[in-house]
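Here is a friendly walk through one protein model, written for someone who likes to check contacts and distances for themselves. Please keep the structure open in your viewer as you read.

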Amino acid sequence: MSILEAIILGIVEGLTEYLPVSSTGHLIIAQNLMSIPEGDAVKAFEICIQGGAILAVLGLYYRRVAFMVRGLLGKDPAGLRMLINMLVGFLPAAVVGLICGGLIKDYLFSATTVMLAWAIGGIVILMYARAREKSGRGMAGAPLEELTWRGALGVGLLQCVAMVPGTSRSLMTMLGGLCVGLSVAAAVEFSFLLGLITLGAATCHDALKYGDCMLREIGWLPMLVGTVVAWASALAAVKWMVGYLNKHSLAIFGWYRLAAAAFMLLLVLCFGFSV
């Protein structure tokens, strides 16, 4: 893998990881457009550069993380409750990932899966945004501190759906947070914080399992460059999305997903894009 390819993949990963548009789907498209051969090393690389995006969110939400660390140390009961909620939200994905992760990578990582997931997710977002607008709820809802472990479990179960490429972990966790009564700001924040655990676990798993393979086939410099670029682009994307969703609904992401699905269909029908 060249440095330029690592930079492009890092930009794609960082910009899309925390937006409800599916980073996995975008990485699959980018990989195909650049004719990067498939293999365990490349798949692991695309997972491991998530480390840059994780560091971006960790830096932006370090106060929340410190709050949970104080809870873990027995210095803040509210922080401990929030940490427990994060772990409860992570548990379903951990179980499903361990059982089905290999099968998902082998059979669902395709352009067809991404295209269908983008389209379905786009329709779901638009329907939900319209229903929420009609209900008059707007941005209202409970703060993150009021989330119960049952609500966190519900969000965690929805996060499992996002293992299908193109669905988007951020989309499912944000919608899950809204469905259990969180405000838009709280749902977005919970999605980001839950991502620290979920994405961190996936990154560590693939780094340990395929680390030697990545170093041998890709090299340490493209891995480092991709991670740093992912950090910078994720930082910009998260700051933009937080500001945008404080004033607007998720609808723009629904329209984007439908446009992305249409673009994918064009690539398949007109340019022989691999399905």
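This is a predicted model: local features need pLDDT of at least 70, side-chain atom pairs count only at pLDDT 80 or more; totals for chains, interfaces and linings use all residues.

## The nonpolar cores

The largest nonpolar core holds 46 residues, and Y18, F190 and F192 are the ones with the most contacts inside it. Two or more residues of this core come from each of α4, α5 (62-72), α6 (77-107), α7 (111-135), α8 (149-161), α9 (169-179), α10 (184-217) and α11. Helix α10 gives the largest share, 10 residues. There is also a second, separate core, made of 17 residues, with A6, L9, L27 and C48 among them.

Which residues make the nonpolar surface patch of about 860 Å²? They are I3, L55, L58, L215, W220, L221, L224, V228 and W231. Helices α4 (50-60) and α11 (220-245) each supply at least two residues of the patch, and α11 accounts for the largest share, with five.

I3 is found in helix α1 (residues 3-16), and I3 counts as partly exposed because its relative accessibility is 33%. L58 lies in helix α4 and is likewise partly exposed, at 34% relative accessibility. With residues up to four places away in sequence not counted, L58 touches V65 and L196. The C-alpha atoms of L58 and L235 are separated by 9.9 Å, although these residues are 177 residues apart along the chain.

A78 has its place in helix α6 and counts as partly exposed, at 27% relative accessibility.

## Salt bridges around R64

How many salt bridges does the count come to? The count is two. In one of them, the side chains of E145 and R64 meet with an N to O distance of 2.8 Å. This pair links distant parts of the chain, with E145 in the loop between α7 and α8 and R64 in helix α5, 81 residues apart. E145 is partly exposed, with a relative accessible area of 46%, whereas R64 is buried at 17%.

The other bridge is formed by the side chains of E189 and R64, at 2.5 Å from N to O. E189 lies in helix α10 and R64 in helix α5, so this pair ties together parts that are 125 residues apart in sequence. E189 and R64 are both buried. Through shared partners, the salt bridges join R64, E145 and E189 into one network.

A disulfide is a covalent bond between the sulfur atoms of two cysteines. A search of the whole structure finds zero disulfides. For C204, the nearest cysteine sulfur is that of C48, 8.5 Å away. A disulfide would need the two sulfur atoms within 2.5 Å, so C204 is in no disulfide.

Is C204 buried or partly exposed? C204 is partly exposed, with a relative accessible area of 47%. C213 is in no disulfide either, and its nearest cysteine sulfur, again that of C48, is 11 Å away. C213 is buried, with a relative accessible area of 14%.

## Two positive phi angles

Finally, a look at the backbone. S22 has a positive phi of about 80° although it is not a glycine. S22 is found in the loop between α1 and α2 (23-33), where S22 is buried, with a relative accessible area of 3%.

S35 is another residue other than glycine with a positive phi, here near 55°. S35 lies in the loop between α2 and α3 (40-48). S35 counts as exposed because its relative accessibility, 61%, is over 50%.

Definitions and conventions
Residues are numbered from 1 along each chain as its sequence is written. Side-chain values use heavy atoms; hydrogens and water are left out. Patches are made of residues with over 30% relative accessible area and no salt bridge: like charges are joined within 9 Å, nonpolar side chains (Val, Leu, Ile, Met, Phe, Trp, Tyr) within 5 Å. Accessible areas come from the Shrake-Rupley method with a 1.4 Å probe; for residues, only the protein chains shown count as cover. A salt bridge is a side-chain nitrogen of Lys or Arg within 4 Å of a carboxyl oxygen of Asp or Glu. Helices (H or I, at least four residues) and strands (E, at least two) are DSSP runs, numbered from the N terminus. Buried means under 20% relative accessible area, exposed over 50%, partly exposed in between (1.4 Å probe, protein chains only). Contact means heavy atoms within 4.5 Å. A nonpolar core is a set of buried Ala, Val, Leu, Ile, Met, Phe, Trp, Tyr and Cys residues joined through side-chain atoms within 4.5 Å.
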